[in-house]
Amino acid sequence: MSTALTTTDLQGALPLIARGKVRDLYEVDEKTLLFVASDRISAYDVIMENGVPNKGILLTLCTQHWFRVLTAAVPSLRTHFLTLDLPPQVPESLRPTLQNRSMQVRKLKILPLEAIVRGYITGSAWNEYKKSGTVHGIPVAPGLQESQAFPDGPIYTPSTKAEQGDHDENIHPDQAVAIVGETYASIIASLAVELYKTAHAYALERGVIIADTKFEFGLDLETNEVVLADEVLTPDSSRFWPKDLYAVGRGQQSFDKQYLRDWLVREGLKGKEGVRMSDEVAQKTSEKYKEAWEKLTGGN
């Protein structure tokens, strides 16, 4: 099994700004960042001790593909993506490792919301619905079954964007207004739903159901425009289900980190720090990510 890259070191070529759960951020210049996607993986807000081979490359190429698809379908959309090319400051010796897992992006003021859109009732939404008939405090139709599509179309269910080590908190859309203001909250909500619908239709034609996904947005301080940022529609940020195996009334097989989540629950390790995945779990998760990428992009 190929080795997973769990940490990056640019040997002082660029200043390190931050390390996230998956990405390491370096400053290229005052307007540009280098996002490097490691092979780290987190589940239930905890980063595993070991990584998933090639995951960072698949995430980066998947994100680049979706930026192309979405900007073609939604001409008004602005994204932070600039290029997969590495900046000249990166030493030649590091380029083979960093190519295709790195993207140069515009520096933005990130808005502190996870813009989650749900097309189907599953996961934490299903758990809440069973208790209270609501999702993120929003009343939804009675009598829904697990994994059923929301009868009135996808719903916007934001969460807070927690600092690393903290947990994101599901919130009602009204609370999002209190966090970022009416103008930005409204743009984010409508844009996130439009992007989800566009992606859902595209994926469905390729045999994949996007059950839910989360977007992040930033603000271009020069133009005051809301800009799509971070990774987009990857197995890290979405639930991808195989269309041919989909059935209402039960949990679904998936092309994402669900295999890892299920293993953690089964082994009594959910939410625990210092967990090392077995080689089998790391390899199976890698295969699921690759399968999703190939189905959605044709492997290009």
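A: A residue is called buried when its relative accessible area is under 20%, exposed when it is over 50%, and partly exposed in between, using a 1.4 Å probe and protein chains only. The model is predicted, which is why local features need pLDDT of at least 70 and side-chain atom pairs count only at pLDDT 80 or more, while totals for chains, interfaces and linings use all residues. Residues are numbered from 1 along each chain as its sequence is written, and side-chain values use heavy atoms, with hydrogens and water left out.

R40 belongs to the loop that lies between β3 (32-37) and β4 (42-43), where strands (E, at least two residues) and helices (H or I, at least four) are DSSP runs numbered from the N terminus. Its side chain has two partners to consider, described as polar contacts, that is, pairs of N or O atoms within 3.5 Å; within protein, one atom must be able to donate a hydrogen and the other to accept it, and residues adjacent in sequence count only if both atoms are side-chain atoms. The side chain of R40 reaches the backbone oxygen of T6 at 2.8 Å, and it also makes a polar contact with the side chain of D24 at 2.7 Å. If residues up to four places away in sequence are not counted, R40 touches, with contact meaning heavy atoms within 4.5 Å, a group that includes L5, T6, R19, D24, I47 and K55.

The strands β1 and β2 (residues 23-29) pair in the antiparallel sense over 3 bridges, and two strands pair if DSSP finds at least two bridges between them. They belong to an open sheet of 5 strands with antiparallel pairing and the order β1-β2-β3-β7-β6. In this sheet β1 (16-19) and β6 (81-83) stand at the edges with a single partner strand each, so one side of each is left without a neighbour in the sheet.

For a second view of what lies inside the structure, we can turn to its nonpolar residues. A nonpolar core is a set of buried Ala, Val, Leu, Ile, Met, Phe, Trp, Tyr and Cys residues joined through side-chain atoms within 4.5 Å. The largest such core has 68 residues, among which W66, F215 and F217 touch the most other members, and the largest share of this core, 12 residues, comes from helix α5 (residues 182-204). Leaving out residues up to four places away in sequence, W66 touches A199, Y202, I210, V232, L233 and L296.

The structure holds 7 aromatic pairs; rings of Phe, Tyr and Trp (its six-membered ring) pair if their centres lie within 6.5 Å, and planes under 30 degrees apart count as stacked, over 60 as edge-to-face and the rest as tilted. W66 and Y202 form an edge-to-face pair, 5.3 Å centre to centre with 65° between the planes. W66 lies in helix α1 (residues 55-73) and Y202 in helix α5, so this pair ties together parts that are 136 residues apart in sequence.
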